[in-house]
Amino acid sequence: MPQLDTSTWLVTIIAMILTLFILIQLKFHKYSYPLSPAPKTFKSTSFPTPWETKWTKFYSPLLLPQQ
Amino acid sequence: MNENLFSSFITPTMMGLPIVILIIMFPTLLFPTPTRLINNRLVSAQQWLAQLILKQMMMMHSPKGRTWALMLISLIMFIGSTNLLGLLPHSFTPTTQLSMNLGMAIPLWAGTVITGFRYKTKASLAHFLPQGTPVPLIPMLVIIETISLFIQPMALAVRLTANITAGHLLMHLIGGAALALISISPTTALITFIILILLTILEFAVALIQAYVFTLLVSLYLHDNT
């Protein structure tokens with residue numbers, strides 16, 4: 001049976017190791033599966049400053065009761 | 001007759017140069033590297049196929065086992081494409097060579113076993129003794145489990161070699177018989193030819209199934225050990 005002729009075994013095994021572990025993997029590691037593009041949710045970029053969330057009376061030095 | 005029948009399994013050399021190297025490397029040419037975001041049809045189809053196989057195979061593994069994803073997808077594509085190319089007339093199929101299959105099976109199996117020993121030593125050793133065995137049977141069962149562990153790579157290699165070789169031999173024999181029968185009795189030749197067609201369809205299936213089985217078993221051994 002020609003498969004049992006061990007003189008060719010070294011060449012075959014080295015060629016297979018080269019192909020399987022290097023060449024084919026170089027082809028397959030480039031495969032990328034990006035997520036399909038979807039629009040991002042709209043978020044407002046300005047935040048209400050803490051003192052604007054509730055109306056507070058605006059105190060100015062000149063409006064205080066004169067003493 | 002003997003020499004003629006097995007002559008397609010001799011590793012091809014041309015004037016002393018081992019062209020078997022080129023034959024083994026040839027399937028890599030059939031998988032072009034994707035270089036664009038949206039690729040051409042061939043690359044897209046191969047990417048889709050790879051994703052299908054990956055999702056099916058890697059679902060049962062832990063994150064540690066999933067690091068083997070590239071190895072397993074390369075393995076199944078390599079064996080599948082090599083087997084399918086071997087169905088072309090007068091071609092040489094590298095997976096009929098016991099040397100190549102042993103070279104694939106032993107390192108991959110050893111990798112899974114060593115991974116298991118390194119990360120889950122007690123659980124790996126516990127595989128040698130199934131749960132709930134009666135105490136007097138323990139020594140014999142450990143021996144049996146050890147033998148069954150060490151036979152796994154041999155079985156992987158020999159299974160692939162024998163299946164592909166047997167299929168190719170049958171096709172040679174039945175094809176030769178159909179050819180010889182044409183001059184003797186065309187009806188029998190027609191029946192033999194139909195058998196040959198059915199066998200070829202079977203061989204297409206076997207080519208793919210054997211790739212799948214090899215990879216699945218390696219994946220199973222991995223699952224046991226991660």
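A polar contact is a pair of N or O atoms within 3.5 Å; within protein, one atom must be able to donate a hydrogen and the other to accept it. Keep that cut-off in hand for the first stop. The model on screen is predicted.

**Stop 1: A:Thr8**

Select A:Thr8, in the segment before α1 of chain A. Is A:Thr8 buried or exposed? A:Thr8 is buried, because its relative accessible area is 18% and the limit for buried is under 20%.

**Stop 2: helix α1 of chain A**

Move on to A:Thr19. This residue sits in helix α1 of chain A. A:Thr19 has a relative accessibility of 0%, so it counts as buried. What touches A:Thr19, once neighbours within four places in sequence are set aside? From chain A there is A:Ile24. From chain B there are B:Ile24, B:Met25, B:Thr28 and B:Phe78.

Step to A:Leu18, also placed in helix α1 of chain A. A:Leu18 is partly exposed, at 36% relative accessible area. That label applies because 36% falls between the limits of 20% and 50%. Leave out residues up to four places away in sequence, and A:Leu18 touches A:Leu23 and B:Met25. For a distance check, pick A:Ser7. A:Leu18 and A:Ser7 are eleven residues apart in sequence, and their C-alpha atoms are 19 Å apart.

**Stop 3: the interface of chains A and B**

Color the two chains separately. The size of an interface is often given as the accessible area lost when the parts come together. Here chain B and chain A bury about 3,000 Å² between them. Of that area, 78% is on carbon and sulfur atoms. Chain B gives 34 residues to the contact, and chain A gives 26.

How many salt bridges does the rule find across this interface? It finds zero. For polar contact, the rule finds eight residue pairs across the interface, both residues at pLDDT 80 or more.

Now select the chain B side. Helices α2, α3, α5 and α6 of chain B each supply at least two residues of the side that touches chain A. By class, that side of chain B has 22 nonpolar residues, twelve polar residues and no charged residues.

**Stop 4: the largest nonpolar core**

Hide the surface and look inside. The largest nonpolar core has 45 residues. Show B:Leu75, B:Met77, B:Phe78, B:Ile79, B:Met104 and B:Phe214, the residues with the most contacts inside this core. Which elements each supply at least two of its residues? In chain A, it is α1 (9-28). In chain B, they are α2 (20-25), α3 (41-58), α5 (69-85), α6 (98-119), α8 (138-182) and α9 (186-225). The largest share, nine residues, comes from α5(B).

Center on B:Ile79. Apart from neighbours within four places in sequence, B:Ile79 is in contact with B:Thr95, B:Met104, B:Leu160, B:Ala211 and B:Phe214. Then select B:Leu87, B:Met171, B:Ile174 and B:Leu196, which are among the six residues of a second, separate core.

**Stop 5: helix α9 of chain B**

Select B:Gln210, in helix α9 of chain B. B:Gln210 is buried, because its relative accessible area is 9% against a limit of under 20%. B:Gln210 touches B:Asn83, B:Arg159, B:Leu160, B:Asn163 and B:Ile164, with residues up to four places away not counted.

Follow helix α9 of chain B to B:Leu222. At 0% relative accessibility, B:Leu222 counts as buried. How far is its C-alpha from that of B:Thr112, 110 residues away along the chain? The separation is 5.1 Å. B:Leu222 also touches B:Thr112, along with B:His61, B:Gly65, B:Trp68 and B:Leu72, not counting residues up to four places away.

**Stop 6: the loop with B:His90**

Finish at B:His90, in the loop between α5 and α6 of chain B. B:His90 is exposed, because its relative accessible area is 87% and exposed begins over 50%. Check the backbone here. Phi of B:His90 is near 65 degrees, a positive value in a residue other than glycine.

How values were computed
Residues are numbered from 1 along each chain as its sequence is written. Chains are lettered from A and ligands numbered from 1 in the order in which they are written. This is a predicted model: local features need pLDDT of at least 70, side-chain atom pairs count only at pLDDT 80 or more; totals for chains, interfaces and linings use all residues. Side-chain values use heavy atoms; hydrogens and water are left out. A nonpolar core is a set of buried Ala, Val, Leu, Ile, Met, Phe, Trp, Tyr and Cys residues joined through side-chain atoms within 4.5 Å. Buried means under 20% relative accessible area, exposed over 50%, partly exposed in between (1.4 Å probe, protein chains only). Helices (H or I, at least four residues) and strands (E, at least two) are DSSP runs, numbered from the N terminus. Contact means heavy atoms within 4.5 Å. Buried area is the accessible area (1.4 Å probe) that two parts lose on being put together, summed over both. A salt bridge is a side-chain nitrogen of Lys or Arg within 4 Å of a carboxyl oxygen of Asp or Glu. A polar contact is a pair of N or O atoms within 3.5 Å; within protein, one must be able to donate a hydrogen and the other to accept it, and residues adjacent in sequence count only if both atoms are side-chain atoms. Ala, Val, Leu, Ile, Met, Phe, Trp, Tyr, Cys and Pro count as nonpolar, Asp, Glu, Lys and Arg as charged, and the others, Gly among them, as polar.
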